[in-house]
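Let's take a walk through a protein together, one piece at a time. Have the picture open and follow along as you read.

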Amino acid sequence: MTAVNDVLSGASTAQSLVLDRLYKTYESRGRESFRAVRGLDLEIEPGEMVALLGPSGCGKTTTLRMIAGLETVTSGDIRIGGASVADLPARRRNIGVGFESYALYPPLSVRENLAYGLKARKAKDVRQRVDVLAERLGMTELLDLRPAGLSSGQKQRIALARALIRNPPVLLLDEPLSHLDASQRQRVRRELKVLQREFGYTTIVVTHDQLEALSLADRMAVMDGGVIRQFGTPDEIFDDPANLFVADFVGEPKINLIEGTVRAHGDRVTVQVGQSGELLTAARSAADGQRVTVGVRPQDCRTGIGAEATVLRGEIRVYENLLEFGQATVILPGTDTPITVQTAPGDHWSHGDTIRFDAHPERVYLFDPESGERLR
Ligand SMILES: Nc1ncnc2c1ncn2[C@@H]1O[C@H](COP(=O)(O)OP(=O)(O)OP(=O)(O)O)[C@@H](O)[C@H]1O
C-alpha cells in the first residue's frame, strides 16, 4: 500500500481554534428573538480533538455553523491560528466540514464528489489521494457509484471523506458516525482518530453518543443553554463534575441524585439520606444542617459492607444479572426515588433483599440544590 503520509500529505500545520465570548441571537419576523449561544468561550490546542456534548437544542450545531462561516456571528470572535476569521466567507476559512446534510452532487460519481475540492491539483495526485483515503475509511467499493440510491451510512462515510480530503487544519464534524452500523462505526471511529493524530487536524466533533465522545476526544465540552458548563478531559468530566448538570448529563448508567442533609461531626462530614443512613464525603464546604443534593455513581457503590455507620440501606426492587456485574434498583426508606447500585459479579442478590452500600468519600459529590454548583 502506498504510504498514506506520502499521498495525503500537504496538510497545513496544526492550528489553534479559539471562540471568544461568542453569541448568536436568531431574529425571526413576528417572533421573539432567541439567544441560541450566550457568551461561549473555548480554547482548543493545535491538533486537539474536542467533543461537544449537550442536550438537543443547547446550541451545538449553531456553534459549528458559526465557526464554519455558514451562520453569522451576533457578537464575539473566532480565531484560527491567532487570526480572526469571523468576517471571512466560509470558503476562505479553510475548514473541513462534515455535517449531517450530505450535499453530494447527484450527477457526479463518489470519486468525482471527493475530487471536487481538489480540482487545482494534478489528476494523478487527485486519484491517488481519493484512493488512499477511501481505503482508509473502507469505502473503495463506493467510488464508482453515484450518490442516488446509496444508504445513509454510505453517504455519511463519503461526507466524512470529503471533509478530510483537503487535509484542513480545522475539522468540524456533526454526528459523523450516527448512521453507521456497529462494526463500521468502530472501524471508521478508529480510522478517524488515527488520521486526526497523523495530520493534526484541530477538530470539534458533535455527538450524542458518550462512548464515541470518550473514545475520540482529548477533551470534552459539555454545553447547556448556549454556554459551556464544563471543559476538561473525559476523566475530569466524569470524576470531577463541576455542577449538577454535568454530573447528571455525563455517565452511563446515570448518576444517582438524592436529597440529603449535611451532618458535621468534628472533622468528618457525612450526609444523611432520608431514614436510610449516612454517607461519608470528602466535601468540606457544606455547613451542618445544610440541604444538599448528593450524587453517587452506580459504579462507585460498594456493597457487602458490614459496618452500621456511614452506610446507606435499602430494599432491592429489581435485580438484573448483567454477567460482568449486577445492577440493583434500590428503594431507600423514606424516599421513593429508585437508586441504581452496581454490584460485584458473583454476588447473587434478589428482589426484596436489604442491601447496604457506601462509596469512597471522594466519590460522594455534594451539590447546592438551588444553584447546582458543586460543594467541595
Ligand atoms: N435558523 C434558526 N432560527 C431560529 N431559531 C433557531 C434556528 N436554528 C436553530 N434555532 C434554535 O436554536 C437553538 C439551538 O439549536 P441547535 O441546532 O444549535 O442545537 P443543537 O444543540 O445542535 O441541537 P440538536 O442536538 O438537536 O441538533 C434551538 O432552540 C433551535 O430551535
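Start at the ligand: helix 2 gives the largest share of the shell around it, three residues. Helices here are DSSP runs of H or I with at least four residues, strands are runs of E with at least two, and both are numbered from the N terminus. Before going on, keep in mind that this is a predicted model, where local features need pLDDT of at least 70, side-chain atom pairs count only at pLDDT 80 or more, and totals for chains, interfaces and linings use all residues. Residues are numbered from 1 along each chain as its sequence is written.

So who else is in that shell? Among the residues around the ligand are Tyr 26, Ser 28, Phe 34, Gly 59, Lys 60 and Thr 61. Strand 2 (34-44) and helix 2 (60-68) each supply at least two shell residues. Sorted by class, the shell has four nonpolar, seven polar and one charged residues. In this sorting, Ala, Val, Leu, Ile, Met, Phe, Trp, Tyr, Cys and Pro are nonpolar, Asp, Glu, Lys and Arg are charged, and the others, Gly among them, are polar.

Helix 2 also leads us to some strands. It lies across strand 3, strand 6, strand 7 (170-174), strand 8 (202-206) and strand 9, at about 150° to strand 7. For such angles, axes are lines fitted to C-alpha atoms, for helices over the stretch in contact, and angles run from 0 to 180 degrees between N-to-C directions. Contact means that the C-beta atoms of two residues, placed from the backbone, lie within 7 Å.

Now look at the open sheet of six strands, with the order 6-7-8-3-9-10 and mixed pairing. Strand 6 (95-98) and strand 10 (227-232) are at the edges with a single partner strand each, so one side of each has no neighbour in the sheet. From one strand to the next, the twist averages 15°. Two strands count as paired if DSSP finds at least two bridges between them. Strand 3 (residues 49-53) and strand 9 (residues 219-224) run parallel, joined by four bridges, and Ala 51 has Met 220 in strand 9 as its bridge partner.

Finally, step back to the whole chain. It is divided into domain 1 (4-244) and domain 2 (255-375), with bounds from an automatic or database domain assignment. Their C-alpha centres lie 40 Å apart.

Conventions: A residue is near a molecule or strand if its C-beta atom, placed from the backbone, lies within 6 Å of it.
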